[in-house]
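Colleague: I would like to go through the terms used for this model and check what stands behind each of them.
Modeller: Go ahead.

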Amino acid sequence: TECVSSCVCPEGLLDDGRGGCVQQSDCPCIHNNQWYSSGQKITVDCNTCTCQQGVWSCTDHVCYGTCMIYGSGHYITFDGKFYDFDGNCEYVATQDFCGDKNSSGSFSIITENVPCGTTGVTCSKAIKMFLGKTELKLENKEYKEIQRDVGDDVRYWNRTVGLYLVIEASNGVMLIWDKKTTVFIKLTPGYKGKVCGLCGNFDDKSNNDFTTRSGLQETSALKFGNSWKQSPMCPDVTEEIKPCDLKPHRKSWAEKECSIIQSEVFKICHSKVNPGPFYDACVHDACSCDSGGDCECFCSAVAAYAQECAKAGACVFWRNPDICREYQLN
């Protein structure tokens, strides 16, 4: 065959994938479409990975799984499924009382959702955390403890980190609350596949997270969410609320404010965490908060994206004197 003009590396050197030739010991690594030089470190979840001769070498610390509930009905399950559910009732966020009615468990976390505007969308107003025979109710920026007669003794500790209240229990459950409408629930890996509720089943597969209380697989977020209501007296949610359609005069303002998520400010994060769902959620919340708290809803929505970015190793300093300076959450 005819000769073809091309470039090759000299003997003993390797193509580094970026147009250069390097020694094998200097081979770079790739993560989320970004190149890293040999010796560089990145954080993946709770582990540190070091690039060594083109291969990542990572620590193997046990990492918590995290479910996030924020704003007006936005959920990110333990397995990373993002969905919306606006229900005006108490719902099981997560618990290890799953399967038959007599199944044993050590904890349950309930979220109480109430309307947070005139459009009908709902926000998490209060959280109930059942740890053995202890009930903790988080509401109005405070929490109170109630001792019940039934259940085991489960020890817990609480501390304040910035504006967050952190409750950590001896059974491997942690709850982080911003005292407003954002809550993070963290579980140790021992709970994988053993929990149920709006936060999914924590089995590393997001396609089966919509498992109802009766154990059926659903494709509809509404049917899935309705199955986890605590009281049969609450009406089922029958349609998804679209606040920007109900309040069209707020839509352009909401889109303009929320565009920060898709802007250069968060560019470092875009390849790590898809901004699309977070932008849509932000616009949804900014349209719906029409009875005061406009900025708080917007700030919480952007902070949710910033939180996921930080978890993916992309720290973004997005607050400034003109944007959310009074809400020091992220």
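Modeller: A point on terms before the questions: domain bounds come from an automatic or database domain assignment. The model itself is predicted.

Colleague: Which domains does that assignment give?
Modeller: The protein is divided into domain 1 (14-58), domain 2 (65-227) and domain 3 (243-312).

Colleague: What makes domain 2 and domain 3 an interface, and how much area do they bury between them?
Modeller: Contact means heavy atoms within 4.5 Å, and 19 residues from domain 2 and 19 residues from domain 3 take part in it. The size of an interface is often given as the accessible area lost when the parts come together. For domain 2 and domain 3 that buried area is about 1400 Å², with 62% of it on carbon and sulfur atoms. The centres of domain 2 and domain 3, taken over C-alpha atoms, are separated by 23 Å.

Colleague: How many salt bridges does the rule find across the interface of domain 2 and domain 3?
Modeller: The rule asks for a side-chain nitrogen of Lys or Arg within 4 Å of a carboxyl oxygen of Asp or Glu. Across the interface of domain 2 and domain 3 it finds zero.

Colleague: What is the volume of the largest cavity, and why is it called a cavity?
Modeller: The volume is about 70 Å³. It is called a cavity because a 1.4 Å probe fits at its points but cannot get out. The structure holds three cavities of 30 Å³ or more.

Colleague: Which residues line the largest cavity?
Modeller: The lining consists of D84, F85, D86, L222, V237, E239, E240, I241 and H284. By class, four are nonpolar, one is polar and four are charged.

Colleague: What makes the other kind of space a pocket?
Modeller: A pocket is an open set of points. About 1000 Å³ of space lies in the largest pocket. Its lining has 37 residues, and D45, Y64, T66, E308 and K311 lie nearest its centre.

Colleague: Which element gives the most to the lining of the largest pocket?
Modeller: That is α6, with four residues. Among the other elements that give two or more residues are β5 (41-44), β8 (65-70) and β16 (156-161). By class, the lining of the largest pocket has 20 nonpolar, eight polar and nine charged residues.

How values were computed
Residues are numbered from 1 along each chain as its sequence is written. This is a predicted model: local features need pLDDT of at least 70, side-chain atom pairs count only at pLDDT 80 or more; totals for chains, interfaces and linings use all residues. Side-chain values use heavy atoms; hydrogens and water are left out. On a 1 Å grid over the protein atoms alone, a cavity is a set of points where a 1.4 Å probe fits but cannot get out, and a pocket is an open set with protein on both sides within 12 Å along at least five of seven lines; lining residues have an atom within 4 Å of a point. Grid points are joined across faces, edges and corners, and a volume is the space filled by probe spheres set on the points. Ala, Val, Leu, Ile, Met, Phe, Trp, Tyr, Cys and Pro count as nonpolar, Asp, Glu, Lys and Arg as charged, and the others, Gly among them, as polar. Buried area is the accessible area (1.4 Å probe) that two parts lose on being put together, summed over both.
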